[in-house]
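Q: Can you walk me through this structure? I'd like to start with the metal site and then go on to the fold.

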Amino acid sequence: MSRQTVPDTEPHPYSAEPRSAPETRQLRLSGARLGNSLTVRRALPQARRRMVGAWCLLDHFGPMDVCAGRGMDVGPHPHMGLQTVTWLFKGELLHRNSLGYQQIIRPGQLNIMTAGQGIAHSEETPAGHSGCLHGVQMWIALPRSCRHGSADFEHLDSVPSLRIDDAMATVLVGSLCDGTASAASVHSPLLAADIRLPAEGAATLPLDPGFEHALLPVYGDTLLHDGIWLREEQFWDLGMGADRIALSSPRGSRLLLVGGEPFDEKLQLWWNFVAADREEIVRARADWEAGRRFGKVSNYRGERLPAPPLAELPGAGSSAKR
Ligand code: MN
């Protein structure tokens with residue numbers, strides 16, 4: 001994974017001129033397949049933006065009618081060197097992992113799984129589901145200092161919300177303006193917030209100008225800085241240095257805001273692994289195929305996922321597949 005671009009000069013935090021949106025640009029979403037069951041819209045990584053802070057993968061799935069299909073069914077698979085964050089707008093998922101956790105997650109709750117040196121998990125639409133599924137899953141690259149640490153899993157029954165002007169902002173990871181903070185454990189300066197605007201609502205959110213930020217419209221149309229329409233099926237890179245975003249919506253909207261300090265370690269992202277180099281990935285792949293290191297996911301009815309062929313592992317750069 002290539003090094004992130006960092007401006008030569010840091011934005012001055014007390015600048016009289018507010019830095020609103022220094023390099024706002026629209027990026028595309030691509031389709032990606034999860035397990036055998038589900039197609040998602042992938043915002044990160046992509047060629048023009050590998051990461052936003054330590055956020056190295058962002059998938060948006062649904063809304064979908066689960067009754068018409070299988071919903072989510074991703075068999076046991078390994079992770080290394082990253083954290084996964086799951087947040088639902090509608091529906092429910094059943095998470096099982098090799099630490100022995102078996103956890104249903106619903107809207108308003110947050111799952112954060114730390115892979116460290118290795119963990120395995122499955123994700124599926126549970127029996128007795130509500131018939132709908134809509135959410136995001138995001139990965140956070142772990143810094144070198146804890147990339148090889150032990151695995152962990154947190155389920156937060158709730159995360160805090162605050163009103164900012166007309167908006168309700170729910171803080172999934174990190175903290176927002178007045179210090180409202182999520183209890184989710186992360187290892188680099190990061191933000192993820194779910195922002196809901198009512199019809200004819202407007203809000204100006206203060207941002208940390210030392211962060212890179214991006215916006216994923218979830219539903220509805222939102223006007224950014226009175227000049228840019230953010231619409232469903234888009235992804236917007238705000239770059240670094242913005243100290244606020246001014247949002248408004250004629251008919252109501254919902255957006256996911258992610259941000260973080262530029263992550264300046266060189267990384268390889270391959271399949272479900274984040275690593276410093278190809279050799280770590282080759283070892284992790286071999287350990288998964290041999291049934292070592294990652295543990296066993298109990299009670300999942302189905303097969304674990306095999307690793308893709310090594311031929312798909314690039315010698316340099318990165319790809320992202322699950
Ligand atoms: Mn996974």
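**Metal site, sheets and cores**

A: His 77 and His 121 are both buried. This is a predicted model.

Q: Which atoms coordinate the manganese ion?
A: The manganese ion is held by the NE2 atoms of His 77, His 79 and His 121, at 2.1 to 2.2 Å.

Q: How are the donor residues spaced in sequence?
A: The spacing is H-x1-H-x41-H. His 77 belongs to strand 5 (residues 73-79) and His 121 to strand 10 (residues 119-124), so this pair ties together parts that are 44 residues apart in sequence.

Q: What holds strands of a sheet together in general?
A: They pair through backbone hydrogen bonds, either parallel or antiparallel.

Q: Now the sheet with strand 16. What is its order?
A: That open sheet has four strands in the order 16-21-18-19, and the pairing is antiparallel. Strand 16 (201-206) and strand 19 (228-230) are the edge strands, each pairing on one side only. Neighbouring strands are turned by 25 degrees against each other on average, direction ignored.

Q: How many bridges join strand 16 and strand 21?
A: Six bridges join them in the antiparallel sense, and strand 21 covers residues 244-249. Gly 201 has Ser 249 in strand 21 as its bridge partner.

Q: Changing topic: which residues have the most contacts inside the largest nonpolar core?
A: They are Trp 55, Leu 58, Met 138, Leu 172, Phe 235 and Leu 256, in a core of 39 residues. Strand 11 (residues 132-141) gives the most to this core, with five residues.

Q: What does Met 138 touch?
A: Leaving out residues up to four places away in sequence, Met 138 touches Trp 55, Leu 57, Leu 58, Gln 83, Thr 84, Val 85, Leu 172, Ala 192, Leu 256 and Val 258.

Q: And what about the second core, how many residues does it have?
A: The second, separate core has 27 residues, including Trp 270, Ala 284, Trp 288 and Leu 305.

Q: Back to single residues. Where is Gln 46?
A: Gln 46 sits in the loop between strand 3 (38-44) and strand 4 (55-65).

Q: Is Gln 46 buried or exposed?
A: Buried, because its relative accessibility is 7% and the limit for buried is under 20%. Gln 46 touches Leu 27, Arg 28 and Phe 235, not counting residues up to four places away in sequence. Phe 235 is also one of the residues with the most contacts inside the largest nonpolar core.

Q: What are the totals for the protein chain, starting with helices and strands?
A: The protein chain has two helices and 24 strands. Of its 322 residues, 57% count as buried. The protein chain exposes about 13300 Å², and carbon and sulfur atoms supply 47% of that.

Q: And the contacts with a separation of 6 or more, what share comes from residues 24 or more positions apart?
A: In the protein chain, that share is 73%.

Note on methods. Residues numbered from 1 in each chain as written. Predicted model: local features only at pLDDT ≥ 70, side-chain atom pairs only at ≥ 80, totals over all residues. Heavy atoms only, no water. Donors = N, O, S within 2.8 Å, 3.2 Å for Na, K, Ca; no water. Buried < 20%, exposed > 50% of the residue type's maximum accessible area, 1.4 Å probe, protein only. Contact = heavy atoms within 4.5 Å. Pairing = 2+ DSSP bridges. Axes fitted to C-alpha atoms, helices over the stretch in contact; angles between N-to-C directions. Core = buried A, V, L, I, M, F, W, Y, C linked by side-chain atoms within 4.5 Å. Areas by Shrake-Rupley, 256 points an atom, 1.4 Å probe, with all protein chains shown as cover.
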